Amino acid sequence: EELRENKILMRQNFKYDIKLFYITLSLVALGLVMVFSASQIIARQQFSSPFFFMQKHAIRVALGLCCLFVFMKIPFRVYQRLSLWILIVSVLLLAAIFVWGREARGANRWLPVFKFVLQPVEVAKYALVIFLAARISYLGKGIKNLERGFLPLVGVSLLLALMITLQPNVSNAVLLIFLSLTLLFLGGCRILHLAGFTGLILAAAFPLLYRMSQVRERFDLIFRGTEDPLGAGWHIKQSLIALGSGFIHGCGFGKGHQKFSFLPDAHTDFIYSIIGEELGILGTVTVLILFAVIFARTLRIAKDSPNSFGYLLALGIGMTIVTTALINMSMTLGLIPTAGLPLPFISYGGSSLVTSMSAVGILLNISAQRKTGARRGADLKKKKRSPGVYARRINKVESV
């Protein structure tokens, strides 16, 4: 009878974070609709069908949903044992770019895999998060040791960042360094080590990166982008026009004008601008709120995770998704230099969409373990409390 009660309890407890699931589906559905709206003009011009990009995106959404459900069922502790192999695979994929990569717009970021095109940096981001979470949880207080804890993990992060910078893809390299330092801080490493490493990175990397023409031009746009609105400042100028013309309610779905060859990459990097133009401030703020809720759910999942690996893994995944979204939205508003980061779940692009949905599947699995662990803990407290009360009552009777 006790075994049967335990099985019933486990069946009741093993529930996923349904709010996170529905919010992810909402963003994916919005992305599918907005990709069609933003791409129909260029699709008709180039492929004689307004549904060309939307159909390809729908296939990727279906693949992403399959990956989400698969990763949702895999116990997250498996990644702790396979963390090193996952990292090695991501390094090999990044290295393969320099041999078999496909170049576009002066960057070599895409790797042909059969009939698909993979962007390995999207895999590398989550592979690094898994590896750091596994190693930090394994080291425990050993992370405070400079030689055996801090430096090896920082070295791995620098290796990946360097390989990504050489593509060139500076924005994702900076994102990887930021995620690494944040996870190391949350893992309990010494503040002195973090501060020293951050100072060295800023002192060494910034002058070197500024010598790259692409980086220098994008930083210059922040200060004098309006001086050349028909040249280097075209992207930001058209993005701001799209966001400003939407006002509160927007001009209506499908009625935007910037996608008529005015705003480049309207269905990829600058899809947030099209949302602002057609859905107005209400649409852009809604997207921002949904990402904020994702981060809030991630914090709750991490807080109640059953072990330190789950805690760091959940935080790392949540920060990767939300930080990427914030960078993309800030870029469209002209607050930071133009970065080649898509808007997660919404922008057109298979690698970002599938990996982000797979990462949400991992989060959902952690959330299921979280609820089981929390309720079992509550049951144990009740069991410990009841014998204590009973024992006190026996003592009172014996004393009388």
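The following legends describe close-up views of a predicted model.

**View A. The largest nonpolar core and its most connected members.** This core comprises 88 residues, among which Leu184, Phe291, Leu313, Ile317 and Phe345 touch the most other members. Helix H13 (residues 308-332) supplies the largest share of the core, 12 residues.

**View B. Surroundings of Phe291.** With residues up to four places away in sequence not counted, Phe291 touches Leu27, Ile321, Val322, Ala325, Met329, Leu343, Pro344 and Phe345. Of these partners, Phe345 is itself named with Phe291 among the core residues that touch the most other members.

**View C. Antiparallel pairing of strands S1, S2 and S3.** Strand S2 (residues 107-113) runs antiparallel to strand S1 (residues 102-104), to which 3 bridges join it. Within this pairing, Arg102 has Trp110 of S2 as its bridge partner. Strand S3 (residues 116-118) is likewise antiparallel to S2 and is joined to S2 by 3 bridges; here Leu111 stands opposite Leu118 of S3. The hairpin of S2 and S3 has 2 residues between the strands, and Phe114 takes a positive phi near 55 degrees.

**View D. The largest cavity and its lining.** A search of the whole structure finds 1 cavity of 30 Å³ or more, and the volume of the largest cavity is about 40 Å³. Its lining consists of Glu122, Lys125, Tyr126, Thr320, Ile321, Thr324, Pro344, Ser352 and Ser356. Helix H6 (120-139), H13 and helix H14 (350-399) are the elements that each give two or more residues to this lining. By class, the lining has 4 polar, 3 nonpolar and 2 charged residues. Ile321 and Pro344, both in the lining, are also among the residues that Phe291 touches.

Key: Residues are numbered from 1 along each chain as its sequence is written. This is a predicted model: local features need pLDDT of at least 70, side-chain atom pairs count only at pLDDT 80 or more; totals for chains, interfaces and linings use all residues. Side-chain values use heavy atoms; hydrogens and water are left out. A nonpolar core is a set of buried Ala, Val, Leu, Ile, Met, Phe, Trp, Tyr and Cys residues joined through side-chain atoms within 4.5 Å. Buried means under 20% relative accessible area, exposed over 50%, partly exposed in between (1.4 Å probe, protein chains only). Helices (H or I, at least four residues) and strands (E, at least two) are DSSP runs, numbered from the N terminus. Contact means heavy atoms within 4.5 Å. Two strands pair if DSSP finds at least two bridges between them. On a 1 Å grid over the protein atoms alone, a cavity is a set of points where a 1.4 Å probe fits but cannot get out, and a pocket is an open set with protein on both sides within 12 Å along at least five of seven lines; lining residues have an atom within 4 Å of a point. Grid points are joined across faces, edges and corners, and a volume is the space filled by probe spheres set on the points. Ala, Val, Leu, Ile, Met, Phe, Trp, Tyr, Cys and Pro count as nonpolar, Asp, Glu, Lys and Arg as charged, and the others, Gly among them, as polar.
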